[in-house]
Amino acid sequence: MQAMNYIKKVLGRLPQVGISKPFSLAHPHAAAGLVVLASFTGMFLGPGLTNSYGVFEEEYENLYSNNKTGAKGSVSPAISIGAVHLASNYLFTTIAGALCERLGMGLTTFIGALMVGTGLFTAGFCTKVWQLVLTQGVLTGAGVGTIFIVVSTIPTSWFSKNQGLFIGLVHSGSGVGGLVLAPLTRFLINTHELAGSVKILGLALAAGLSVVSLGMASKPDELFDQEDEDSIDAVSSMGDNLSEHKASSLAKKRMSVRSFGVRDVRGTGGVLRSQEFWYLNVAVMLAEAAFYVVLFFLPVFSIGIGLSSEQGALITGVANGATIIGRIAIGYVADFAGNINMFLGTHLLVTLSCLLLWFPAKSFTVMMVFACAFGLFAGSLTLMVPLCSVTLFGQNGLANNVGLLGIGMVLTTSAAPVVARVFYEKLGQNGGGYGTVALLCGGIYFVATVSIFALRMCVSRRLWTKI
């Protein structure tokens with residue numbers, strides 16, 4: 001007990017990082033704009049780095065491939081760097097979700113910035129795969145996961161209207177980051193070699209993400225209270241037939257949605273005991289794993305069916321670019337159609353695109369069509385996670401609730417790239433392995449879609465209801 005009290009005392013003395021509460025109360029619109037801008041930039045520099053990892057994958061494959069030692073048919077150990085990076089990423093979303101409740105959003109973001117920068121900078125001194133696994137894999141992945149949990153959840157508290165649109169704008173930052181950081185990383189590797197490039201990126205990202213931490217702030221309770229008072233005044237002015245008591249009840253109902261969502265659960269234990277959480281958890285951990293299998297290996301797969309490396313790079317770039325448009329557009333539509341409804345619809349379309357476009361694809365044109373469809377619909381996953389969590393469990397404790405979903409993703413996202421690589425290398429590089437991986441991803445997305453449908457039916461069996 002004394003140890004816990006000492007820890008709480010130490011945490012209480014830590015400096016507060018981010019937009020000050022007086023500024024937020026005096027200038028709420030400016031504070032909301034700064035939070036959105038900082039969150040977009042955090043997505044650009046954090047998850048955007050992960051989305052551009054394919055460039056590093058190619059370099060590490062050339063450096064550490066078993067084919068150089070004559071061990072043909074064996075899986076390259078370099079794949080473990082990216083797999084551990086993803087696993088550490090999602091593991092630390094859980095830890096960072098708890099940190100946000102204790103340290104605040106700004107300081108948690110600053111800690112993530114230090115981990116990203118340190119991991120990349122020290123990777124520049126590594127000469128063995130296991131060293132890169134610990135630095136660029138574990139440490140950098142942990143930093144990206146810490147950044148993600150803050151910037152993906154904090155903007156939801158600032159907007160009661162057009163929430164999906166603003167969350168879509170923020171999450172489009174990771175797609176923009178993938179588009180920009182991939183060619184930038186290639187340029188740095190060509191000019192400063194691999195070791196120099198990761199050192200430069202480490203210093204630059206640490207500085208940029210530290211600045212992002214200054215723009216983090218949760219919406220003060222006083223602003224929520226003011227919105228509720230405005231709701232009472234607006235509803236009361238609608239006519240004499242609506243009593244003050246009924247207006248107050250409507251405001252309290254809105255507050256309960258903010259606190260609990262469509263399910264009145266309290267605390268982490270209540271969330272974990274809810275059926276809806278597990279349906280959402282299964283869907284998210286499967287869909288996220290399949291998403292990164294496609295994104296990491298799309299260039300290699302394109303070459304496997306006879307396309308050039310330049311065409312493969314273009315297809316990957318188009319897929320990243322399509323996520324930008326898709327996240328904004330789907331976030332906007334979700335404000336009208338409902339978050340869970342959009343989650344179900346987009347992943348049904350992703351499943352069909354994998355099975356009907358990707359699997360039979362043998363030409364550049366078909367692959368480009370698939371890249372557009374995949375980016376538009378699959379990229380919506382990252383914004384659907386916090387939006388669906390708000391719908392189900394409310395705004396309070398959102399970072400912790402989203403972090404809980406990261407536990408299941410640790411296993412699937414670390415195993416899926418390795419399994420996909422085994423399928424590709426063991427079944428041949430003449431298109432056979434490629435087609436099998438396409439079916440694998442389509443199957444994973446299908447199971448995820450079934451889980452989303454079960455979640456939708458669990459919340460409401462009325463198909464045309466906005467949920």
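Helices α3 and α8 are roughly antiparallel to each other, because an angle over 145 degrees is counted in that class. The model is predicted, so that local features need pLDDT of at least 70 and side-chain atom pairs count only at pLDDT 80 or more, while totals for chains, interfaces and linings use all residues. Residues are numbered from 1 along each chain as its sequence is written, and side-chain values use heavy atoms, with hydrogens and water left out.

The axes of α3 (residues 28-45) and α8 (residues 129-151) cross at roughly 150° and come within 9 Å. Axes here are lines fitted to C-alpha atoms, for helices over the stretch in contact, with angles from 0 to 180 degrees between N-to-C directions. The crossing of α3 and α8 is left-handed. From α3, residues S39, G42 and M43 take part in the contact, and α8 contributes I147, F148 and V151; contact means heavy atoms within 4.5 Å. This contact of α3 with α8 comprises 4 nonpolar and 2 polar residues and no charged ones.

A second pair is formed by α6 (residues 79-103) and α7 (residues 105-123), whose axes come within 7 Å and cross at roughly 140°. Helices α6 and α7 are therefore oblique to each other, and their crossing is right-handed. On the α6 side the contact is made by F92, A96, L99, C100 and L103, and on the α7 side by M105, L107, T108, I111 and M115. By class, the residues of the contact of α6 with α7 are 9 nonpolar, 1 polar and no charged.

Notes: Helices (H or I, at least four residues) and strands (E, at least two) are DSSP runs, numbered from the N terminus. Angles under 35 degrees count as roughly parallel, over 145 as roughly antiparallel, 65 to 115 as roughly perpendicular and the rest as oblique. A crossing is left-handed if the near helix is turned anticlockwise from the far one by less than a right angle, and right-handed if clockwise. Ala, Val, Leu, Ile, Met, Phe, Trp, Tyr, Cys and Pro count as nonpolar, Asp, Glu, Lys and Arg as charged, and the others, Gly among them, as polar.
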